[in-house]
Amino acid sequence: MAFIALGINHKTASVDVRERVAFTPEQMVEALQQLCRVTPTREAAILSTCNRSELYLEQEQVEAEAVLAWLANYHRLNLEELKACAYVHTDNQAVRHMMRVASGLDSMVLGEPQILGQMKSAYAVAREAGSVGPLLGRLFQATFSTAKTVRTDTAIGENPVSVAFAAVSLAKQIFSNLDRSQALLIGAGETITLVARHLHEQGVKRIVVANRTLERASALAEQFGAHAILLADIPLELYNSDIVISSTASQLPILGKGAVEQALKKRKHKPMFMVDIAVPRDIEAQVGELDDVYLYTVDDLHEVVAENLKSRQGAAQAAEGLVAAGTDDFMARLRELAAVDVLKAYRQHAERIRDEEMLRAQRLLANGATPEDALAQLARGLTNKLLHAPSVQLKKLSAEGRVEALSIVQELFALQDSTDKT
């Protein structure tokens, strides 16, 4: 049995690589089933966000090379290119990594809370795909428990720091008065919801939400007194928008250079601030070449994020301690589980011997033996048969020079005290 956590993230791979390794929601179930079918993986889950794509696996033994080859083949990537930016953690390091990720300790924005929900979604999808069994299931539950403890017992979640908050903070640097700006938000997911909330709190009065379905756009817009439109209607609102922030699951760009150029002409080249949080990107990279556009991707938010992280550094140290404790506790419980099968087999062996000796004692009584003789025979038979195999094996191990077996047996049967008294 081996746990493996492997993948790429914002620290090891550029946004260009990350968007090529990302899994869409529609791909997840089929990808998980294929992964378990064509690699040595027995249990698997996939976490895919704008900042990371990670695979959490349980295998008989570590076969990371086969999984990396599958990942490269699935996304039609060069294997060596993938290896250059991938990381692999095994066993207790894999457990620690999952707990750090769920706690927000490995995020671009330290302590950001969205990742825990994303990991819970990854677990739910894996259960739907039938790719999570008892071992990986226990690991996910321990991971969620540790992340909850981190949130409860440290200040790592205090102060609103996230990619969404960083994007709004950057907008404030471009426009001194956000209350005079109009914002166009593309998408209606969790990240855009956070963006809308931060913009609303900063006094932005005119917010337009564009989404593939009008129903979801309207549901989000109602929360903040915003206006909802379809993606097809973006050109009608683009030229009015000072701030454009996009985060969708689209596999193709939603905004191209030509559309933005037309909007700039209507704006008489009044500057536009744009943030593309999506992976793959929603806004063509060439848009950033336009003179009156300030275009940022998630990778460009590092400096803003760094400023907002200072208050969380102390809390992060305490959180790391809780993660270490959570990792040790889970591995200890896992080792206890490993003993269950042995204990179960030994109990069944002992019960067979008990039943055999009980029958022998009953036959003795039936043949006229006294109860005292039958009990004495029962006690001798139980003692001799229960000790026979351990005695033979212990002598064999000792003869082979494996003297540590003697100490283990003394500890196992609590014999140390009795030997000290002799």
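This is a predicted model: local features need pLDDT of at least 70, side-chain atom pairs count only at pLDDT 80 or more; totals for chains, interfaces and linings use all residues.
**Conventions.** I number residues from 1 along each chain as its sequence is written, and side-chain values use heavy atoms, without hydrogens and water. Local features need pLDDT of at least 70 and side-chain atom pairs pLDDT 80 or more, while totals for chains, interfaces and linings use all residues.

I looked up the UniProt record: an unreviewed entry places "binding site" at G187, A188, G189, E190, T191 and I192. Such annotations may be inferred rather than shown by experiment. From this set, G187, A188, G189, E190 and T191 are in the lining of the largest pocket. A pocket is an open set of points on a 1 Å grid over the protein atoms alone, where a 1.4 Å probe fits, with protein on both sides within 12 Å along at least five of seven lines; lining residues have an atom within 4 Å of a point.

**A188 and I192.** I find A188 in the loop between β5 (182-186) and α9 (190-201), and I192 in helix α9. Helices (H or I, at least four residues) and strands (E, at least two) are DSSP runs. A188 is buried at 10% relative accessible area; buried means under 20% with a 1.4 Å probe, protein chains only. I192 is buried at 0%. Beyond four places in sequence, I192 has contacts (heavy atoms within 4.5 Å) that include L185, L220 and I245.

**Sheet.** I read the strand order as β2-β3-β1-β4, antiparallel and open. Strands pair if DSSP finds at least two bridges between them. β2 and β4 are the edge strands. β2 pairs with β3 over seven bridges, and T41 stands opposite Q59 in β3.

Definitions and conventions. Buried means under 20% relative accessible area, exposed over 50%, partly exposed in between (1.4 Å probe, protein chains only).
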